[in-house]
Amino acid sequence: MSSTTSASVPATMTGAFLPGDGTVDLRETPVGQPGEGQVLIRTRASGICGSDIHYIYNGHIGEGGAAYRNVVAGHEPAGEVIATGPGCKRLRPGDRVAIYHISGCGQCDECSRGYFIGCTSELRAAYGWQRDGGHAPYLVADENTCIPLPEPLTYVDGAFIACGIGTVYEALTRIALNGADRLLVTGLGPVGAAAAMVARALGVRTVYGAEVVPERMEWAKSLGLFDEVLDSSAQPLEEIHALTGGTGVEAAVDCSGHPAARSLALKALRVRGRLALVGEGGQMTLDVSDDVLHKQVTISGSWVTSVPGMTRLAELLARQELHPERLVSDRYLQAEAEDAYKAAAGRAAGKVCLVFDN
């Protein structure tokens, strides 16, 4: 192991594990040693994702790539490189990095494109799912999953880039969102709010949001990212038609995964509009002729982002001095991880993040 600070690294640390019964287990675990092509990260921030709540915290229901293997939780980490293993070519101790949340085989077509999320090899392993993640003071990461975290981005910014804001960046670039578009976002949790932030960064001047939970509606309004926040339980489609002079929006993105929200996003499109689907789960019912064919709309599914996409996003955010951390509504120390997960599973309107002072 190569590092000027390796002597100060302890042999063990406290890691947060998820038994699957709605609790968090803080227990001692070894600090890993970086192997070939790996680095040791001092964790500075680690986000909690909705998929953690759905697949792990409330029950180990995932299979394959979604299966939890009793490892340190947390797949949204950012931190500082403090040691490098043999064969590292790019990173050095002291480098600030955000981490793509999955390591792939490195050989398949999806890996060659940087989409480790799509790797189907047995070697594929997600941080916090099949290999130790970021809910601990130290993390061993593959060098090729680390991206530079440029100034002035913070570590909390970095923790939100891969699986949060990176997800909507990929989706919105895939439907070629641009400054001539008006955008509707359905589902105004952390990912939906991130969609509005990315849209603004891409030059969009008009962003509408639709949400059914009152607390999230109020939180979304407080961000200043939406021109209008519509109540999905009322008559949002009529409101959108009124706001757009009856034409509808050029683009929409669903971040909720709810059938009614997806339907709203589709029906709110104008002729030749584009829809990106991001929210996981659920179903979608549509009238193919009226909703799709006759309006000639494009529907695009998007699953997270790639390592190159995440890198471009970090550069864009830094250049425009945009900070995803403003979408973090609740921060907790690692010792408070139990409370952090309760907040993420319940009352938190925005993103929940663990922060470290180690």
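Entry 1, rings. I started with the aromatic pairs and found that the structure holds 3 of them. For a pair, the ring centres of Phe, Tyr or Trp (its six-membered ring) must lie within 6.5 Å; planes under 30 degrees apart are stacked, over 60 edge-to-face, and the rest tilted. I noted that two things describe such a pair: the distance of the centres and the angle of the planes.

Ground rules, before I go on. This is a predicted model, where local features need pLDDT of at least 70 and side-chain atom pairs count only at pLDDT 80 or more, while totals for chains, interfaces and linings use all residues. Residues are numbered from 1 along each chain as its sequence is written, and side-chain values use heavy atoms, with hydrogens and water left out.

I wanted cases where NZ of Lys or CZ of Arg is within 6 Å of the ring centre and within 35 degrees of the ring normal. R27 has its charged end over the ring of F17, 3.6 Å from the centre. R96 does this with Y155, at 4.9 Å from the ring centre.

I looked at D109 and R113, whose closest N and O atoms are 3.0 Å apart. D109 is partly exposed at 45% relative accessibility (buried is under 20% relative accessible area, exposed over 50%, partly exposed in between, with a 1.4 Å probe and protein chains only).

Then came K267 and D291, bridged with closest N and O atoms 3.2 Å apart. K267 sits in helix α8 (residues 259-267) and D291 in helix α9 (residues 288-293), so this pair ties together parts that are 24 residues apart in sequence. Helices (H or I, at least four residues) and strands (E, at least two) are DSSP runs, numbered from the N terminus. K267 is partly exposed at 35%, but D291 is buried at 8%.

My last pair was E325 with R331, where the closest N and O atoms are 2.4 Å apart. E325 is buried, with 17% relative accessible area, and R331 is partly exposed at 44%. I also wrote down a network: salt bridges with shared partners join R182, E250 and R270.

Which residues make the nonpolar surface patch of about 310 Å²? I listed L286, V288, L293 and I299. Patch residues have over 30% relative accessible area and no salt bridge; like charges are joined within 9 Å, and nonpolar side chains (Val, Leu, Ile, Met, Phe, Trp, Tyr) within 5 Å. The areas come from the Shrake-Rupley method with a 1.4 Å probe, and for residues only the protein chains shown count as cover. I299 belongs to strand β15 (residues 298-301) and is partly exposed at 33%.

Is Q38 buried or exposed? Q38 is buried, at 18%, and I found it in strand β3 (residues 38-48). Setting aside neighbours within four places in sequence, its contacts (heavy atoms within 4.5 Å) include Q33, T84, C88 and R131.

A345 is in helix α11 (residues 337-345) and counts as partly exposed at 40%. Beyond neighbours within four places in sequence, A345 is in contact with I53 and Y57. I also checked A345 against H294: they are 51 residues apart along the chain, and their C-alpha atoms are separated by 41 Å.

Methods: Salt bridge = Lys/Arg side-chain N within 4 Å of Asp/Glu carboxyl O.
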